[in-house]
Amino acid sequence: MTSLCPTPASLMPIITGPRGLDCPDFDVLETSGDVELRRYHKARYVVTHSEAESLLAAQIEGTKRLLGYLAGANEDDARLLPPTVPLETILFPADRRSETVEGRFCVALYLPECAQDRPPRPTDRRVRIVRARTTDWFVLKIRTSLIDERA
């Protein structure tokens, strides 16, 4: 198995997220308290769809597939670790009149910087690479750590 990305010890991404993980390049346009309006620049993402009864179930199923791709389930057998942030999830409701969130979800991870120009093709047909356009998003900054930073 080859590695297209540097090892975590030598990884020095230009853009870092929590705990030094790669994340898409963005500009902060406005800030109000803990909410930022960010302009994310165009970038490539690895994406999969999941039909699930809940957001959590879709994220678990989708994340397993996406991490499989990053761990080498691609035509080059390339390891693209460490994982990146954010994990994006979009709901496509099964029935717009429904009062539940059961439906089809799209789960996406930002591709590491080292694979942005020429990402290897996924071997799982449920996983694909997409190029996102420049997009504005409102982002809530979470000030509590769900993971012990010493781990």
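Let's start with the rings: searching the whole structure, which is a predicted model, turns up two aromatic pairs.

Take F26 and Y40. Their ring centres sit 5.1 Å apart and the planes make an angle of 45°, so this pair is called tilted. A tilted pair is one whose angle falls between the stacked range, under 30 degrees, and the edge-to-face range, over 60. How covered are they? Y40 is buried, with a relative accessible area of 11%, while F26 has 23% and so counts as partly exposed. F26 has another neighbour too: R38 lies over the face of its ring, 4.2 Å from the ring centre.

Now for Y45 and Y110. Here the ring centres are 5.8 Å apart and the planes meet at 70°, so the pair is edge-to-face. This pair also links distant parts of the chain, as Y45 sits in strand β4 (residues 43-52) and Y110 in strand β7 (residues 103-110), 65 residues apart. Both of these tyrosines are buried.

Step back and look at the whole chain. It has one helix and nine strands, and from the N terminus the order reads β-β-β-β-α-β-β-β-β-β. Among contacts between residues at least 6 apart in sequence, 69% join residues at least 24 apart. Of the chain's 151 residues, 30% count as buried.

Key: Residues numbered from 1 in each chain as written. Predicted model: local features only at pLDDT ≥ 70, side-chain atom pairs only at ≥ 80, totals over all residues. Heavy atoms only, no water. Phe/Tyr/Trp six-rings, centres within 6.5 Å; stacked < 30°, edge-to-face > 60°. Buried < 20%, exposed > 50% of the residue type's maximum accessible area, 1.4 Å probe, protein only. Helix = DSSP H or I, 4+ residues; strand = E, 2+ residues; numbered from the N terminus. Lys NZ or Arg CZ within 6 Å of the ring centre and 35° of its normal. Contact = heavy atoms within 4.5 Å.
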